[in-house]
Amino acid sequence: MKKIFKALEFSIVALFIMASFIACDKDFNSIESDVLGIDNANFNTDNLNLQVLAYNKKLDSLQINGFSSNLLGVFNDPAYGQTTASIITQITPTTFDPDFGTNASIDSVILRIPYFNKTSANSPDADGNEVFTIKDSLYGDSSIKLTIYQNNYFLRDFNPGTDINERQNYYSKADGAINNTDNFALTDNTIINFDDHILGLPIYEAPSFTPSAEAIVTTTGSGDDKVETRSAPALRFSLDNEFWTTAILTKEGDAVLSNANNFRDYFRGLYFKAEAENGDGSMILLNLASADANITIHYSKDSSVAGERTPSTYVFNFTGNNLNTFINDYNLITLANGDKTLGDERLYLKGAEGSMAVVDLFNGLVDCDNDGNVDDNALDCFKKSYRKVDDNDNFIVENGNFVLKKLINQAQLVIYEDEIMSTFPKDANDNDYSAFDRVYAYDIKNNTPTVDYVFDPTENTSDPYNSKFIALGQRIKDDNGVSKYKIRLTEHLNNILLRDSTNTKLGLVLSTNVNYNSSSTILKSEDKVTGVPSAALLTPRGTILYGNHQNVPDNRKMKLELFFTEPDL
């Protein structure tokens, strides 16, 4: 489910973009230039820390269909425990009503799904070939058991329980409450066990499979006509000829191959089931939406030339419904809903139906007039502190906006990482376990990115880690080696002050791709959190952060930090 912000006035957008380029530091620092600095006779600058409330939200029953990519495999998170991800997907012929010709027979059936990869064009191998890496989409390095079945559960396009043509969503059930070996999903009123809907014997079995970054090399012809072709690394298997002969070639002329709906009712899809090998494994992000993701039947038929055969192909892509199922064994941490009144000491951000944090800015009562009594609403106090009032103490409005007596130069939510994260094993390049984690903030009322995210000009479509780093600061270490994140909220607060926009609560999730901002709904949510960014489901990783509970040391508490300019009247 996607929603779109209404555009703000151009002046604010332009000012934000200009400021972004002036201070385009991945650890966005406080703005204290000569113009705004204390040495200027007309202005004073200062910073003010305002109270916030942050608590945990346990996640379950999350929408798991309609992703742009899918996880497959087993991942052991050192802070939380094990997550297993499997895929159920429909396939669709690229052409219908095929004529396979006379005496058609299959030579091979190749399944190919590309990995997300990068190339090192400036560092080829000894033969001058491109070198690929898949480290950005691979978690772990151990093998798994991988089995591919024919799925016999029909994945509907539309929800029959609604009066309009509303799409059928499928939701996660990863808690292992029934068992921790089968893969489940939920609809509005049904629990689906996909292991109960396997049709026949496995189509493919790999008892010990590990994703590889090696290029795929295919060879055609022989002798002087031999040609080798190199392509990007992918999940690539040869499937059983006999199965596809029976399932497809013998159906020539049948209505099941005449259109997509008939075919999907006849051949309801594939079930890629991942299982741990010796309690361990690895997990890979697959690009089912790629134009190169397909199943290709290579077959031959009688030629018009006596004694010769003509080669041909029949191709299926992975269009239609697909969904990711999860099995979670969080045996190291028990996830639970947090304290909405006092907040939580630690915040648990875990992907793949795990946990998120909710941040309530300006929560509770404060002593706004310094009379010793904590009796003022924090949000009202914030507005009174920054807006101008007339002689009757009413806020002054000009041109549809409230007039400010203090100008916010920068606002940021500062979040500290629990030191336990630095104790986990480092990678081969001596990077911390959570070195490349990104914390993604979103508006939980509208299930949309923050305003600061929308206007952040640093989007990098090819490298998500280096994208949107003004709005969503990367993990950094201060001079004392303490790891923290900074979430920019400057325009979020300016919208509240200038336009009286709603002070919506913010959600924090872990993301490995901050460019992917689609939203996944929560089934029958009875909470203000009705959805989460889909990217949160597509990372198996987790992190632990400090909240702002009274038991958290002051130098580790989450804080909302404001840097403002006030005219020196």
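Predicted model: local features only at pLDDT ≥ 70, side-chain atom pairs only at ≥ 80, totals over all residues.

Q: How does anyone find where empty space is left?

A: Rolling a probe the size of a water molecule over the atoms shows where empty space is left. In this structure, that gives two cavities of 30 Å³ or more.

Q: Which residues line the second largest cavity?

A: Its lining is made of Tyr440, Tyr442, Asn447, Thr448, Pro449, Asn517, Ser518, Ser519, Val532 and Pro533. Strand E30 (438–443), strand E31 (448–449) and strand E36 (531–533) each supply at least two residues of that lining. By class, you get five nonpolar, five polar and no charged residues.

Q: What about the largest cavity: how much space lies in it, and what classes of residue line it?

A: About 50 Å³ lies in the largest cavity. Its lining has six nonpolar, three polar and three charged residues. Among the lining residues are Lys173, Asp175, Asp182, Phe184 and Phe326.

Q: And the largest pocket: how much space lies there, and which residues lie nearest its centre?

A: The largest pocket has about 1,600 Å³ of space. It's lined by 49 residues, and Lys135, Asp136, Ser137, Leu138 and Tyr139 lie nearest its centre. The elements giving two or more residues to this lining are strand E3 (70–77) and strand E9 (138–139).

Q: Which element gives the most to the lining of the largest pocket?

A: That's E3, with three residues. As for classes, the pocket lining divides into 18 nonpolar, 18 polar and 13 charged residues.

Methods. Residues numbered from 1 in each chain as written. Heavy atoms only, no water. 1 Å grid on protein atoms, 1.4 Å probe; cavity = no way out; pocket = protein on both sides within 12 Å on 5 of 7 lines; lining within 4 Å. Points joined across faces, edges and corners; volume = space filled by probe spheres on them. Helix = DSSP H or I, 4+ residues; strand = E, 2+ residues; numbered from the N terminus. Nonpolar A, V, L, I, M, F, W, Y, C, P; charged D, E, K, R; others polar.
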